[in-house]
Amino acid sequence: MRFLITAGPTREPIDPVRYISNRSSGKMGYAIAEAALAERHDVTLISGPVTLEPPRNAKLISVSTNDEMFEAVHRHADKCNICVLCAAVADYKPAHVSSTKIKKHGAKFSLELIPTRDILDSLGRRQDRQFVLVGFAAETDHVEENAAKKLRAKNCDIIVANDVSGADSGIESDMNEVIILFRDGEKTKISRALKKNIARDLVKIFLDFATKTFDKKNVMIN
Ligand code: CTP
């Protein structure tokens with residue numbers, strides 16, 4: 001099967017030396033890419049700026065901003081069978097990007113932010129999509145409830161929810177613990193483990209779901 005995976009944060013520039021971003025390390029997305037490659041699947045990895053070694057044998061597309069990730073995902077989505085959007089995409093960006101370094105003035109300073117495009121939502125809205133769509137949900141509270149809302153709102157097939165409230169799991173950590181919600185209301189849990197091990201289980205789960213979906217639709221995978 002052909003996987004498209006997004007990973008890491010995006011960076012939204014403020015001026016030539018500053019940006020808005022988040023703490024995503026890219027570890028979960030890269031681990032999923034490695035796990036899929038280990039099972040001899042084809043992987044296109046669209047990555048925001050991270051410090052990880054790129055997986056050998058993946059087609060790596062490095063991006064920085066939400067707009068760049070949006071364009072790259074839409075350019076490659078139709079060539080894949082399973083699209084896993086693991087990236088922590090910035091939800092807002094500065095309304096204006098200064099071409100010169102913004103100087104300090106001592107007084108209060110506010111930055112006007114405008115919403116970025118939601119990549120997962122834009123794929124979920126596509127009536128013609130042939131690929132299985134997997135989203136992630138990073139939550140600090142009401143994890144399952146909020147993730148279930150995202151699954152419906154963004155019209156995904158599967159959403160992987162993780163609790164990012166603690167320092168020892170989720171963001172930046174090597175460990176994670178996830179709940180996987182399916183569009184038919186089924187759910188399954190993977191207890192706390194190394195992201196590498198979680199990734200192996202997730203790849204199996206995605207493949208199993210994709211195989212059943214494609215069998216039902218009589219789609220041949222080559
Ligand atoms: N996502 C995306 N484009 C965005 C924001 C999020 O594609 N502009 C995707 C993420 O890659 C993830 C899913 O949407 O697969 C959920 O992301 P998350 O940050 O948990 O939620 P948000 O939709 O940003 O909502 P909120 O920040 O309110 O929780």
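Visitor: What does leucine 60 count as, at 35% relative accessibility?
Guide: Leucine 60 counts as partly exposed. That class runs between buried (under 20% relative accessible area) and exposed (over 50%), with a 1.4 Å probe and protein chains only.

Visitor: What kind of model is this, and how are residues numbered?
Guide: It is a predicted model: local features need pLDDT of at least 70, side-chain atom pairs count only at pLDDT 80 or more, and totals for chains, interfaces and linings use all residues. Numbering starts from 1 along each chain as its sequence is written, and side-chain values use heavy atoms, without hydrogens or water.

Visitor: OK. Where does leucine 60 lie?
Guide: In strand β5, residues 59–62. Strands (E, at least two residues) and helices (H or I, at least four) are DSSP runs, numbered from the N terminus.

Visitor: How far is leucine 60 from isoleucine 221?
Guide: Their C-alpha atoms are separated by 22 Å. Along the chain they are 161 residues apart.

Visitor: And glutamate 39 to arginine 200?
Guide: Those two are also 161 residues apart along the chain, but their C-alpha atoms are separated by 9.3 Å. Glutamate 39 sits in the loop between α1 (27–38) and β4 (42–47). Glutamate 39 counts as exposed because its relative accessibility is 52%.

Visitor: Which phi does arginine 40 have?
Guide: A positive one, about 70°, although arginine 40 is not a glycine. Arginine 40 lies in the loop between α1 and β4. With a relative accessible area of 79%, arginine 40 is exposed.

Visitor: What about phi at histidine 142?
Guide: Near 40°, again positive in a residue other than glycine. Histidine 142 is in the loop between β9 and α4 (143–153). Histidine 142 counts as exposed too, at 54% relative accessibility.

Visitor: Switching to the ligand. How many residues surround it?
Guide: There are 17. The closest are Leu85, Ala87, Leu120, Lys150 and Lys154. Near here means a heavy atom of the residue within 4 Å of the molecule.

Visitor: Which oxygen distances does the ligand show to aspartate 91 and phenylalanine 136?
Guide: A ligand oxygen is 2.9 Å from an N or O atom in the side chain of aspartate 91. For phenylalanine 136, a polar backbone atom is 2.9 Å from an oxygen atom of the ligand. A polar contact is a pair of N or O atoms within 3.5 Å; within protein, one must be able to donate a hydrogen and the other to accept it, and residues adjacent in sequence count only if both atoms are side-chain atoms.

Visitor: And lysine 154?
Guide: A polar side-chain atom of lysine 154 lies 2.5 Å from a ligand oxygen.

Visitor: How much of the ligand does the protein bury?
Guide: The protein buries 77% of the 570 Å² that the ligand exposes when taken alone. Areas use the Shrake-Rupley method with a 1.4 Å probe.

Visitor: Which elements give two or more residues to the shell?
Guide: α3 (119–124) and β9 (132–139). β9 gives the most, with four residues.

Visitor: Where does aspartate 91 sit, then?
Guide: In the loop between β6 (82–85) and β7 (92–94). Aspartate 91 counts as exposed, at 55% relative accessibility. Its C-alpha is 9.5 Å from that of leucine 113, 22 residues away along the chain.

Visitor: Now alanine 161: buried or exposed?
Guide: Alanine 161 is buried, with a relative accessible area of 2%. Its place is in strand β10, residues 158–163. Leucine 207 is 46 residues from alanine 161 in sequence and 18 Å away in space, C-alpha to C-alpha.

Visitor: How far is the nearest cysteine sulfur from cysteine 156?
Guide: It is 10.0 Å away, and belongs to cysteine 83. Cysteine 156 is in no disulfide.

Visitor: Are cysteine 86 and cysteine 156 buried or exposed?
Guide: Cysteine 86 is buried, with a relative accessible area of 13%. Cysteine 156 is buried as well, at 1%.

Technical notes
Disulfide = S-S within 2.5 Å.
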